[in-house]
Amino acid sequence: MKFQYLILYFILFASPKMLFAQYEFSGYVDKQNWSGDIYLSLIEDYRQLSGIYPEQIIQKVTSDSLGYFSFSGDNLPSENRMYRIHMENCSEHEKKAVHFNGFCSDSKEILFIANNNDTLTLPFSFDKEMFCKIISNNQKSNAFIKVDSIIGEMRFAFASYRSETNRKINTKKWFSTLQRYARDQGEPLTELYIYAFLSDKANNLHAYYLDDLKHNLYYDQLLERLEEKYSNNTYTTQYKAELASDKFLISSGKTAPKNYWLWLVLILLISSVTLNIFQFVKSRRKNNVYPSFGKNLTQQEQKVLDFILEDKTNKEIAASMFVSISTIKTHINNLYKKLDVRSREEVKSLYINK
């Protein structure tokens with residue numbers, strides 16, 4: 001009888017998570033370089049993976065004196081979902097603008113998969129960087145980090161030889177590599193994360209995605225896996241609609257109008273003129289002598305500075321430099337510190353008309 005009481009005590013008091021689902025997402029932030037609130041967001045639109053969207057935020061906390069923070073509760077979906085933890089280095093006034101347009105150049109974020117039963121920690125990485133490592137009881141939680149690593153290898157392969165032939169060969173290889181890796185994980189959300197990257201219209205790979213869609217059954221099979229595991233989820237509904245739209249796009253493109261070549265020549269002519277103007281403006285800016293306070297910039301930071309002065313977005317800069325958006329954000333943070341500024345407008349004010 002006494003043994004039975006001990007078992008009952010253990011169930012009721014020693015391990016409440018056995019009876020009540022509860023999540024806990026905790027970690028550390030670098031207090032020396034980062035301050036302010038930390039946000040937890042539930043991502044229901046996989047086209048809004050990177051950025052800041054107020055409608056996605058479900059919790060806000062602050063870190064203690066050691067940089068420790070924690071999100072906990074029992075109100076998350078029981079199935080796996082996509083989540084983001086992020087923080088911003090900006091004032092309350094600046095946050096209003098940031099949360100309006102969805103992008104903040106001075107922010108740090110991490111994406112992961114989790115559910116209402118998960119315990120997840122975000123320790124510092126080996127180089128004392130935050131939001132780079134995930135330890136979780138959910139084996140799917142760090143899938144996005146692994147995918148980003150593969151995408152990084154892909155970008156390096158493209159950058160090694162930037163010829164059209166190399167791009168065609170590597171594109172087919174990396175599409176297959178990414179899709180096979182995600183499928184082997186047994187988690188359709190990982191596949192959606194990759195799909196969002198490969199099919200992004202702002203991505204240089206979008207044309208290859210449309211071509212792959214014509215003959216690759218992978219995309220239909222992914223829909224089947226989503227409907228099987230997440231039948232009533234917005235992810236599945238969104239993917240199904242996008243897939244149907246893209247299939248219609250490639251099928252309707254088979255019957256081109258008779259004046260197709262005329263329009264093509266006109267577009268090429270306009271593009272050529274625009275490119276020449278852009279190169280002329282760019283060369284003039286590069287010929288200008290930068291103020292002395294920019295001499296200690298690295299080569300990568302100098303490139304980022306040039307793009308900022310050309311009013312390029314983080315996504316456009318990342319695509320031009322063949323690196324991730326998070327890498328661009330790191331360069332911008334370092335650039336701000338060296339120039340002693342806190343925004344793009346302050347950067348421009350330093351160099352324009354100098």
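Let's start with the largest pocket. It is lined by 43 residues, and Asp148, Tyr193, Ser324, Ile325 and Ser326 lie nearest its centre. A pocket here is an open set of points on a 1 Å grid over the protein atoms alone, where a 1.4 Å probe fits, with protein on both sides within 12 Å along at least five of seven lines; lining residues have an atom within 4 Å of a point.

A word on the source. This is a predicted model: local features need pLDDT of at least 70, side-chain atom pairs count only at pLDDT 80 or more, and totals for chains, interfaces and linings use all residues. Residues are numbered from 1 along each chain as its sequence is written, and side-chain values use heavy atoms, with hydrogens and water left out.

Back to the pocket. Its volume is about 1,400 Å³, meaning the space filled by probe spheres set on the grid points, which are joined across faces, edges and corners. Which elements supply at least two lining residues each? They are β6 (107-114), α3 (143-160), α5, α11 (314-321) and α12 (325-339). Helices are DSSP runs of H or I, at least four residues; strands are runs of E, at least two; both are numbered from the N terminus. α3 gives the most, with 9 residues. By type, the lining divides into 23 nonpolar, 11 polar and 9 charged. Nonpolar covers Ala, Val, Leu, Ile, Met, Phe, Trp, Tyr, Cys and Pro; charged covers Asp, Glu, Lys and Arg; the others, Gly among them, are polar.

Now α11 and α12. Their axes come within 9 Å and cross at roughly 105°. Axes are lines fitted to C-alpha atoms, for helices over the stretch in contact; angles run from 0 to 180 degrees between N-to-C directions. So α11 is roughly perpendicular to α12. The cut-offs: under 35 degrees is roughly parallel, over 145 roughly antiparallel, 65 to 115 roughly perpendicular, and the rest oblique. Asn314, Lys315, Ile317, Ala318 and Met321 of α11 touch Ile325, Ile328, Lys329 and Ile332 of α12, where contact means heavy atoms within 4.5 Å.

Next, α5 (residues 188-198) and α8 (residues 234-252). Their axes come within 12 Å and cross at roughly 40°. α5 is therefore oblique to α8. The crossing is left-handed: the near helix is turned anticlockwise from the far one by less than a right angle, whereas clockwise would be right-handed. Leu189, Leu192 and Tyr195 in α5 meet Tyr235, Tyr239, Glu242, Leu243 and Asp246 in α8. That contact has 6 nonpolar, no polar and 2 charged residues.

Last, α7 (residues 218-229) against α8. The angle is about 160°, with the axes 10 Å apart. So α7 is roughly antiparallel to α8. This crossing is left-handed.
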